2 protein chains.
Amino acid sequence: MARWQADTEGRLKLAAIELFGTHGFEAVTVSDIAAAVGVTERTFFRYFTDKREVLFTNQDDYQARFLDALLASEATAPMTLVEAALHGGAAFFADERRTWSRARQRIVDSSAALMERESLKRSSLTDALTTALIAKGVAPVPAALAAQSGSAAFHLAFAAWIADDETRSFTELLDDVLADLRALLG
Amino acid sequence: MARWQADTEGRLKLAAIELFGTHGFEAVTVSDIAAAVGVTERTFFRYFTDKREVLFTNQDDYQARFLDALLASEATAPMTLVEAALHGGAAFFADERRTWSRARQRIVDSSAALMERESLKRSSLTDALTTALIAKGVAPVPAALAAQSGSAAFHLAFAAWIADDETRSFTELLDDVLADLRALLG
């Protein structure tokens with residue numbers, strides 16, 4: 001799928017997503033995934049705590065991109081700080097990740113338990129953005145509003161980015177949604 | 001607690017919330033609630049499908065207040081339509097409901113399962129607002145952004161309204177948060 005994940009962990013992820021896509025998330029076992037890559041279950045568990053974890057790896061790295069960009073910004077306006085954070089997060093979704101993200105999202109959307117985990121992940125990002133804005137001196141209510149509006153914009157851009165036949169970059173799509181957000185109240 | 005709920009359903013709700021508050025949501029049974037009001041379990045089940053339902057009743061009526069106000073509005077700007085919806089919803093939280101809402105929220109916040117149900121209820125409201133905006137002619141992305149930002153504002157106003165010692169009306173608090181929202185992007 002992509003050269004940036006040719007290691008064992010990457011091969012396990014690719015095998016898992018292919019198997020989940022073909023047989024459904026519930027039907028695939030850790031043993032199936034390990035066998036597809038030619039490693040033992042024990043090797044699988046060196047990288048992931050369970051099969052669900054394969055879809056939710058890199059979460060700290062993901063969130064750090066938003067927070068690092070926010071903390072590095074010299075801006076003081078809450079929405080400008082949030083936009084800096086979102087552009088930091090957008091860099092995570094490089095074009096070579098799009099095929100993986102499409103396949104992953106299809107699997108997440110097929111399972112209520114996975115959707116719930118995804119929703120927690122999004123809330124955790126929004127909470128982290130709110131906390132970072134407050135640390136930058138933004139009052140709690142504007143901080144929460146900016147974080148939640150920004151997070152909504154980011155996930156709308158993500159949905160557009162993984163749509164069939166979409167070829168524009170994540171950043172381009174994000175900028176379109178952010179322009180819509182500014183126009184809403186402008 | 002309040003005269004507007006002196007019927008059996010209202011008495012069951014008040015007894016339940018008192019028992020949940022004292023003993024914890026998990027520890028209280030339907031039988032306890034029914035006994036506290038002097039009715040049979042069978043009577044309880046005439047009003048509620050389970051003890052969790054006691055905390056999530058009136059949901060259709062609640063959502064209808066937002067949607068009726070939105071549909072009745074003559075506005076075309078998405079944010080103005082959403083504000084009309086939120087003011088419709090605000091009327092649900094009359095001052096005589098505040099004690100109930102405080103007690104209810106304390107119970108919801110004590111249980112991961114109840115918080116999850118609450119979170120679904122909020123998503124369902126946001127989805128309904130998005131759909132209503134689209135029906136009014138708003139494009140999908142601005143509709144989703146306006147619904148999500150507006151919903152965030154509404155729930156921040158709710159959190160302020162049930163804070164200890166807060167006496168301002170829901171509408172007053174909502175208008176403050178909406179002013180913050182406009183200022184964010186203004």
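Reply: Happy to. Setting aside its neighbours within four places in sequence, Leu184(A) is in contact (heavy atoms within 4.5 Å) with Pro78(B), Met79(B), Pro142(B), Leu145(B) and Ala146(B). This is a predicted model: local features need pLDDT of at least 70 and side-chain atom pairs count only at pLDDT 80 or more, while totals for chains, interfaces and linings use all residues. Residues are numbered from 1 along each chain as its sequence is written, chains are lettered from A and ligands numbered from 1 in the order in which they are written, and side-chain values use heavy atoms, with hydrogens and water left out.

Me: Which helix is Leu184(A) found in?

Reply: Leu184(A) belongs to helix α9, residues 170-185 of chain A. Helices here are DSSP runs of H or I with at least four residues, strands are runs of E with at least two, and both are numbered from the N terminus.

Me: And is Leu184(A) buried or exposed?

Reply: Leu184(A) counts as buried, because its relative accessibility is 12%. The cut-offs are under 20% relative accessible area for buried, over 50% for exposed, and partly exposed in between, using a 1.4 Å probe and protein chains only.

Me: How many residues are in contact between chain B and chain A?

Reply: On the chain B side there are 20 residues, in contact with 20 residues of chain A.

Me: What area do they bury between them?

Reply: Chain B and chain A bury about 1800 Å², and 80% of that is on carbon and sulfur atoms. Buried area is the accessible area (1.4 Å probe) that two parts lose on being put together, summed over both. In chain B, Leu145(B), Leu184(B) and Leu185(B) lose the most area to chain A, together 38% of what that side buries.

Me: Which helices of chain B supply that side?

Reply: α5 (78-90), α8 (140-161) and α9 (170-185) of chain B each supply at least two residues of the side that touches chain A. The largest share, ten residues, comes from α8(B). By type, the side of chain B that touches chain A has 14 nonpolar, three polar and three charged residues. Ala, Val, Leu, Ile, Met, Phe, Trp, Tyr, Cys and Pro count as nonpolar, Asp, Glu, Lys and Arg as charged, and the others, Gly among them, as polar.

Me: How many salt bridges are there between chain B and chain A?

Reply: Zero salt bridges between chain B and chain A. A salt bridge needs a side-chain nitrogen of Lys or Arg within 4 Å of a carboxyl oxygen of Asp or Glu. Over all chains, the structure holds 16 salt bridges.

Me: OK, switching to those. What does Glu83(A) pair with?

Reply: Glu83(A) meets Arg182(A) in a salt bridge, at 2.6 Å from N to O. Glu83(A) lies in helix α5 (residues 78-90) of chain A and Arg182(A) in helix α9 of chain A, so the pair ties together parts that are 99 residues apart in sequence. Glu83(A) is buried at 15% relative accessibility, whereas Arg182(A) is partly exposed at 36%.

Me: What about Glu83(B)?

Reply: Glu83(B) forms a salt bridge with Arg182(B), with the closest N and O atoms 2.7 Å apart. Here Glu83(B) sits in helix α5 of chain B and Arg182(B) in helix α9 of chain B, so parts 99 residues apart in sequence are tied together. Glu83(B) is buried at 16%, and Arg182(B) is partly exposed at 38%.

Me: Which residues of chain A are linked in a salt-bridge network?

Reply: Arg104(A), Glu118(A) and Arg122(A) are linked in a network of salt bridges.

Me: New topic: how many helices and strands does chain A have?

Reply: Chain A has nine helices and zero strands. Buried residues make up 49% of its 186 residues.

Me: Last one. Where is Asp165(B), and what is its phi?

Reply: Asp165(B) is in the loop between α8 and α9 of chain B. Its phi is positive, about 70°, although Asp165(B) is not a glycine. With a relative accessible area of 73%, Asp165(B) is exposed.
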